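Me: Can you walk me through this one? I'd like to start with how the chains relate.

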Number of protein chains: 2
Amino acid sequence: MSENQSVRAHSAELFVQPDAILCSTPETVLWGYIAANLPPALTVKSGQVVEIEALSHQGLTTNKDPEKFFGAYGIPSNEVLADAKTVFAEVKRPRGASVHILTGPIYVEEAEPGDTLEVRVLDIKFRVPYGVNNTGPGKGVLPGLLKEPSAKMIRLDLERRVALFSDDIQIPLNPFMGIMAVSPPTSLGMVSSTPPGAWGGNIDLKFCGIGCSLFLPVFNTGGQFFTGDGHAVQGDGEVDGGAIEISLKPTLQFILHKDKAIKLPRVETATDYLTTGLDVDLNVAMRIALQEAVDFLQTEKGMTAADAYALSSLAVDLGIGEAVDIVNLVYAKIPKKIFKSNPEFWYQPGG
Amino acid sequence: MSENQSVRAHSAELFVQPDAILCSTPETVLWGYIAANLPPALTVKSGQVVEIEALSHQGLTTNKDPEKFFGAYGIPSNEVLADAKTVFAEVKRPRGASVHILTGPIYVEEAEPGDTLEVRVLDIKFRVPYGVNNTGPGKGVLPGLLKEPSAKMIRLDLERRVALFSDDIQIPLNPFMGIMAVSPPTSLGMVSSTPPGAWGGNIDLKFCGIGCSLFLPVFNTGGQFFTGDGHAVQGDGEVDGGAIEISLKPTLQFILHKDKAIKLPRVETATDYLTTGLDVDLNVAMRIALQEAVDFLQTEKGMTAADAYALSSLAVDLGIGEAVDIVNLVYAKIPKKIFKSNPEFWYQPGG
């Protein structure tokens with residue numbers, strides 16, 4: 001069996017019939033913010049699987065309607081999503097709200113504050129074969145770099161799984177949802193969709209692709225999950241302010257952990273455990289991420305603080321996951337391969 | 001041919017007879033600082049290869065002599081390096097100097113200020129099969145974590161290339177020199193070996209292992225190269241203040257680029273280009289590293305600023321290379337595989 005055949009066989013094996021499909025309609029989307037205790041867009045039991053037809057905000061944030069916006073880049077009308085047109089026509093973005101279109105909330109039965117919600121990313125499909133990277137003066141880590149706005153329409157080769165950046169450059173795709181969130185504490189009221197927080201949100205963490213588990217602390221009854229801000233591929237940092245922004249269709253499984261409380265988002269992939277630190281100051285975000293890693297090694301691996309600190313120095317990598325959403329995200333990445341006693345993960349790539 | 005055999009064959013192929021061997025003696029080491037325009041420990045021509053018997057400071061920074069220090073951990077006297085004993089007995093560390101033992105300077109003929117010195121890491125051998133990780137109160141990214149000093153003697157299995165951290169944990173080795181430096185500008189006088197700078201120094205960057213090229217800007221005639229601070233393995237950040245500190249023997253080739261000026265250290269590996277940003281504030285270090293990446297993409301790959309910024313957002317990873325040496329290092333890692341026109345690198349792992 002060739003490697004390609006093996007990959008296909010594996011994908012087929014992973015295919016699961018979702019328990020529900022959640023569409024993006026004027027009734028199931030929020031534009032630029034999230035909030036707690038809204039009427040459920042869907043209610044699921046722990047263990048159930050939902051396919052979500054999510055929407056990118058790209059092409060919907062100017063005065064032009066999406067057909068005109070994308071048409072100017074040569075995208076034919078039939079390649080513009082119908083739900084994008086509907087949302088643009090019928091949903092009003094609150095003044096002062098951010099740009100992202102979020103779909104939800106999905107209530108998970110029996111989820112209560114203090115629980116942990118695990119979101120398994122079983123699959124992510126592309127809804128369109130093109131995306132946009134948008135930057136310019138005042139944007140990203142180097143706000144003074146450019147004198148003019150710059151929007152780049154990037155076609156994807158979905159067969160070969162690459163983004164066609166230029167004649168010389170092709171970038172392997174790694175689709176993930178920039179935003180996955182539970183609803184924030186009610187004390188915060190409406191929360192902009194731009195800065196991430198303990199509830200997750202706009203974490204823009206590229207390790208949240210197919211095969212990961214994202215763990216989020218539950219603040220409200222039902223957890224109340226939102227997602228949006230699809231990314232075809234993005235480097236650590238999202239440094240110019242955006243990824244290849246694109247409409248994606250993730251297939252997510254929701255698993256409730258009643259016996260587990262966490263403070264901040266964590267991720268587990270087939271190869272690594274990741275803890276996160278969130279702060280406007282990278283120096284602070286780094287310290288939080290590392291303290292979370294030390295806590296993880298003590299709690300989950302039974303290590304002393306001294307050994308956890310030493311191991312972090314020798315084998316844990318600190319990276320800047322996201323540096324452009326007001327609140328920055330630093331992650332600490334703990335490789336699984338160093339532990340002989342490591343339990344098997346649900347996702348085994350190529351396995 | 002098995003994978004192991006292939007690796008061995010490749011190592012044999014890489015073996016080169018060095019043009020010179022530089023030992024660590026009281027005449028060729030500096031303890032805790034570097035300075036410009038010292039008498040050369042060795043002079044080489046561009047292209048020449050030097051094997052350097054470098055020394056770790058571990059075991060030499062207490063009042064105990066190295067035999068007693070290591071003996072307390074069960075290391076027999078014959079496993080303690082003779083040159084470590086000599087340096088401890090005969091070299092006086094200046095008051096206020098840092099801990100590292102540096103070997104050099106190596107003068108490179110015809111190197112002048114404004115040139116770039118490329119240091120190819122052809123090989124790194126282990127001089128001893130053990131190393132130390134040393135941390136405690138006031139040390140590292142979490143100075144308040146521990147109440148007691150903690151020094152951990154870690155044995156290496158050099159056949160299997162792993163550090164034996166505990167019964168459950170083994171860490172694959174990745175030896176590299178924590179310090180590689182040219183001499184700093186004379187305006188700075190004596191410079192502590194702890195904070196890294198434009199001259200390189202204590203960059204503690206784990207990508208500087210076998211098969212990399214480190215590029216350093218030349219500030220003084222001859223470049224004047226120093227190295228030390230061997231690390232058996234270290235994660236991004238070196239978060240508890242140290243790696244597995246160990247005496248290593250690097251084989252380095254010095255290549256002078258007369259037609260090339262750079263501002264800050266850069267690294268090229270078989271798979272990536274890395275730029276660096278150095279500052280006490282991680283937020284600033286990140287912006288510098290990214291600006292360097294954008295400059296690199298414009299200068300070396302002929303891209304516009306807008307395309308370089310967009311590509312950085314999609315495919316460049318920002319990581320925290322080192323966060324414990326007063327001046328922090330953030331790197332921007334540009335993958336080579338995205339460029340169809342990428343020129344071949346000198347080192348081809350497994351090739």
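Reply: Contact here means heavy atoms within 4.5 Å. This is a predicted model. Of the interface residues of chain B, 100% are also interface residues in chain A, so the copies meet through the same surface.

Me: Helices next. At what angle do H4 and H5 of chain B pack?

Reply: About 125°, with the axes 9 Å apart; H4 covers residues 282–301 and H5 residues 305–315. The crossing is right-handed.

Me: Which residues meet there?

Reply: From H4(B), Leu290(B), Val294(B), Leu297(B) and Gln298(B); from H5(B), Ala305(B), Ala308(B), Tyr309(B), Leu311(B) and Ser312(B). By class that contact has 7 nonpolar residues, 2 polar and no charged ones.

Me: Switching to strands. What is the order in the open sheet of 4 strands in chain B?

Reply: S8-S9-S10-S11, with antiparallel pairing. S8 (130–135) and S11 (170–172) are the edge strands, each pairing on one side only. The twist averages 30° from one strand to the next.

Me: And how many bridges join S9 to S10 in chain B?

Reply: 3, between residues 150–157 and residues 162–164. One bridge pairs Arg155(B) with Leu164(B) in S10(B).

Definitions and conventions. Residues numbered from 1 in each chain as written. Chains lettered and ligands numbered in written order. Predicted model: local features only at pLDDT ≥ 70, side-chain atom pairs only at ≥ 80, totals over all residues. Heavy atoms only, no water. Axes fitted to C-alpha atoms, helices over the stretch in contact; angles between N-to-C directions. Helix = DSSP H or I, 4+ residues; strand = E, 2+ residues; numbered from the N terminus. Left-handed = near helix turned anticlockwise from the far one by under 90°. Nonpolar A, V, L, I, M, F, W, Y, C, P; charged D, E, K, R; others polar. Pairing = 2+ DSSP bridges.
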